[in-house]
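Welcome, and thanks for taking a look at this one.

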Amino acid sequence: MTDALNQLNDETRHAWEVNAQVWDEKMKDTGNDFFNLLCWTPLASLLDVQPDSHILDIACGNGLTTRRLIELGAARVTAFDFSANLIEFAKKRTAEYASQITYRVMDATDEAALLSLGEAAFDAALSNMALFDIADIEPLFRALSKLLKPGGRFVFSIAHPAFNNASCMHVVEEMDDNGEIKTVYSIKVSRYMNPYHQRGLALSNQPKPQVYFERPLQYYLNLGFQNGFVLDGFEERAFPPETPQTSPLGWGGKFSEIPPDIVARMKLAD
């Protein structure tokens, strides 16, 4: 990485160390609506966990997805995060599955560290809402092409690059539609094509802003293609219309026509 990206990576790690307790208290063992309504169902479906599988959980946070993988029937999970504080929370929250889980404090931008996990050691890899928090994802994609077995699957969810990036503004407007006054909820976007980074708050009460690394969708897909993956599963996910708003313009049913996240499966050739 460049010196600038290294500095941003260090800043990001520090932010997650500081925010770890707030995130653990928010996500707990069950997750929030964003995770449960948008992310987990397609992640689980695309992963298609088999009973004897060994899965890599990338940027595992407090162990929420790690727990779910074991409950789906995975035989073993190796999970890592670069926040030592989050790993401690994860160990506590998944203590009953300790014999099936190996936790590591590891940086996803460190290709050598990733490769130390073992060539062709994993049947599948998962990354839930984390790739846009990683300063440089190229080392991760290169490593995954070696860490996964032939035919291995990499399934990830990310904030929708087009509709849920750091430039987006949530908008409510009133219009007269053929004599009917309607309230219209929409998203205004000012940046998309060129990668950039910006600080923000995913949780309003987290003590330190985190860094979002915004990239267009083609960046993720082309990086996969360059490293031997093909895209063979893809979903855009929006909240159902009946979902309550957590705030007047927060993500919820008022934005049911706009997907705030995507879930994709990329697969290595057999």
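How many cavities of 30 Å³ or more does the structure hold? In this predicted model, there are two of them.

**Largest cavity**
- The largest cavity holds about 50 Å³ of space.
- Its lining is made up of Phe132, Ala159, Pro161, Asn164, Asn165, Phe213, Glu214, Arg215 and Tyr220.
- By residue class, this lining of the largest cavity has five nonpolar, two polar and two charged members.

**Second largest cavity**
- For the second largest cavity, the volume is about 30 Å³.
- Around the second largest cavity you will find Pro161, Asn165, Arg191, Tyr192, Tyr196, Glu214, Arg215 and Pro216.
- Four nonpolar residues, one polar residue and three charged residues form the lining of the second largest cavity.
- Pro161 is one of the residues that line the largest cavity, and Pro161 also lines the second largest cavity.

**Cysteines and disulfides**
- A disulfide is a covalent bond between the sulfur atoms of two cysteines.
- With a cut-off of 2.5 Å between cysteine sulfur atoms, the count of disulfides is zero.
- Cysteine 39 is buried, at a relative accessible area of 1%, and cysteine 60 is buried with a value of 5%.

Note on methods. Residues are numbered from 1 along each chain as its sequence is written. This is a predicted model: local features need pLDDT of at least 70, side-chain atom pairs count only at pLDDT 80 or more; totals for chains, interfaces and linings use all residues. Side-chain values use heavy atoms; hydrogens and water are left out. Buried means under 20% relative accessible area, exposed over 50%, partly exposed in between (1.4 Å probe, protein chains only). On a 1 Å grid over the protein atoms alone, a cavity is a set of points where a 1.4 Å probe fits but cannot get out, and a pocket is an open set with protein on both sides within 12 Å along at least five of seven lines; lining residues have an atom within 4 Å of a point. Grid points are joined across faces, edges and corners, and a volume is the space filled by probe spheres set on the points. Ala, Val, Leu, Ile, Met, Phe, Trp, Tyr, Cys and Pro count as nonpolar, Asp, Glu, Lys and Arg as charged, and the others, Gly among them, as polar.
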